[in-house]
Amino acid sequence: MAIRKRPVQKIIKIDNRFNDDPLFEPIDSLPEINSNIFWLIAAQVKDQGSNTITLSPDQIKREVGYNSHISNKQIAKNVDDTFSRLLTIQLSTEEKDEKTGHTNKIRENIFKRSVVDTDTLETSVEVSDSFLYLFNHLEHWTRFSITQYVRLHSNYSRKLFRLLKQWRTVGRKEYPIDEFRKRLQIPKSYRPTDIDRRVLTLCMEELCANFQNFKITKNYRKGVRGRKLDSYIFTWVPEKNNQQDVYYDSSIEDTNSVYYIKSNPYMTDEQKFRALDRFYGFTLGTTAKEYKEGDIHSYFLPNKLHKRQRRTAFHRSDLKSLTQYKHAQFAQLLSVYQEVNKKGFLTPEDKEDMQLLKMGYEKSEKDRERDQKAEKERLKNLENNAKDLQARRDRGNYSIDFSHAGQDLGDSLSLFELEDYQK
């Protein structure tokens with residue numbers, strides 16, 4: 001099989017049947033690091049058929065939340081352990097042998113073949129034929145970001161995150177209490193009060209960073225004595241069909257997530273403080289203490305991560321230099337800053353950063369207009385050349401000149417360089 005080497009894919013896209021088939025429930029019970037590795041691999045095999053996909057230990061380390069001191073050997077060991085755990089997930093079928101007439105029992109794992117090279121420590125994987133439907137030629141699918149997923153630490157939050165992402169453009173999903181228990185594999189011994197404390201509280205505090213205006217509502221059965229819990233309703237601002245799950249840059253994604261947490265109208269200040277602690281990986285209580293002490297430098301970045309020594313012209317230490325953002329990136333950042341500014345929450349340092357973002361946005365707009373004008377002129381020249389060629393061909397005065405071979409091809413191929421049009 002051909003080995004495909006390509007940039008790490010950050011978007012996971014799977015068939016919705018993955019969410020419904022009990023066969024895959026063990027994946028939701030994997031230890032956190034094994035779960036992260038599985039979903040990173042799932043992102044890579046999307047639309048790759050039966051091709052072998054290869055990942056380096058550095059790529060895995062960068063994407064699944066490893067600490068910098070973890071060795072590549074330890075990463076390779078964890079990858080191998082992940083594949084070992086996945087062996088318990090098997091598709092069992094029976095097939096009649098046409099030659100012998102015998103019935104064969106067949107067991108097949110998700111991955112037909114997995115290899116961890118003990119020298120290079122690279123990981124290679126190939127999806128089994130019976131499971132290709134999960135990742136290829138999808139008609140009904142769930143999409144989410146590996147970057148967002150690895151920041152969730154509760155198995156309940158992770159499972160619910162994936163389930164709700166199936167309805168991301170709808171903005172609402174209701175689960176009857178019994179189905180909710182089954183979907184999230186909640187112990188039967190948990191009473192509704194236990195679910196509130198051990199499941200819903202965690203889900204609210206972790207998922208509010210990924211769904212704008214995230215809300216959990218309890219629906220009680222009507223016409224029944226007492227208050228009989230019937231279902232849970234999850235709502236959020238619906239995403240656009242073309243909305244990205246992962247942004248161009250971590251600083252942009254973090255800006256949006258912090259805004260989602262702090263602007264959520266259905267959370268108390270205490271819940272928001274805890275949500276920010278979970279988002280940044282702080283000890284619970286860190287953010288509340290910071291706000292109690294006062295003198296907050298930025299709405300978007302906690303003082304603990306705010307460095308007085310600037311790396312760039314921005315006050316925020318996680319923002320890049322003005323030359324490193326594209327026009328669309330400036331637009332994303334600026335829109336959030338302006339929204340927060342309307343509510344009067346920007347600090348003086350934030351306002352100075354916003355002015356820099358405006359400057360970058362305006363300059364990049366001029367650059368984009370200049371580039372678009374040059375591109376239109378180039379396309380016009382190509383069109384005129386084509387018309388001239390056709391006219392000469394119609395007059396019979398046409399000959400092939402190979403003296404500039406490759407230049408026209410370069411022009412033609414450049415028409416398909418879409419990156420410039422996605423700014």
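Modeller: The conversation below goes through a helix, a nonpolar core, a sheet and a lysine.

Modeller: Please note at the outset that this is a predicted model.

Biologist: Understood. How many residues does helix α2 have, and how far does it reach?
Modeller: Helix α2 covers residues 32-44, which is 13 residues. From its first C-alpha to its last it reaches 19 Å, close to the 18 Å expected at 1.5 Å a residue.

Biologist: Is α2 largely enclosed or open to the outside?
Modeller: It is largely enclosed by the rest of the structure, because 11 of its 13 residues are buried. Among the buried residues of α2 are N34, F38, W39 and Q44.

Biologist: Which residues touch the most other members of the largest nonpolar core?
Modeller: They are I27, W39, F180 and F234, in a core of 71 residues. The largest share of this core comes from α2, which supplies seven residues. As a general point, nonpolar side chains tend to be buried together in soluble globular proteins.

Biologist: What does I27 touch, leaving aside residues up to four places away in sequence?
Modeller: I27 touches F18, S35, F38, W39, L86, I89 and I110. Apart from this core lies another one, of 18 residues, including Y299, L334, Y337 and V340.

Biologist: Let us change topic. In what order do the three strands of the open sheet lie?
Modeller: The order is β9-β11-β10, and the pairing is antiparallel. Strands β9 (172-176) and β10 (215-220) stand at the edges with a single partner strand each, so one side of each has no neighbour in the sheet. Neighbouring strands are turned by 20° against each other on average, direction ignored.

Biologist: How many bridges join β10 and β11?
Modeller: Strand β10 pairs with β11 (residues 229-235) over six bridges, in the antiparallel sense. Within this pairing, K218 stands opposite Y232 in β11.

Biologist: Which helix packs on that sheet?
Modeller: Helix α8 (residues 192-207) does, touching β10 and β11. The direction of α8 makes about 5° with that of β11.

Biologist: One last item: where is K159, and is K159 buried or exposed?
Modeller: K159 lies in helix α6 (residues 155-165). Its relative accessibility is 5%, so K159 counts as buried, the cut-off being under 20%.

Biologist: What joins the side chains of K159 and D28?
Modeller: A polar contact of 3.3 Å joins them. Not counting residues up to four places away in sequence, K159 touches D28, R183, L184 and Q185.

Notes. Residues numbered from 1 in each chain as written. Predicted model: local features only at pLDDT ≥ 70, side-chain atom pairs only at ≥ 80, totals over all residues. Heavy atoms only, no water. Helix = DSSP H or I, 4+ residues; strand = E, 2+ residues; numbered from the N terminus. Expected span 1.5 Å × (residues − 1). Buried < 20%, exposed > 50% of the residue type's maximum accessible area, 1.4 Å probe, protein only. Pairing = 2+ DSSP bridges. Axes fitted to C-alpha atoms, helices over the stretch in contact; angles between N-to-C directions. Contact = heavy atoms within 4.5 Å. Core = buried A, V, L, I, M, F, W, Y, C linked by side-chain atoms within 4.5 Å. Polar contact = N/O pair within 3.5 Å; in protein donor to acceptor, adjacent residues only side chain to side chain.
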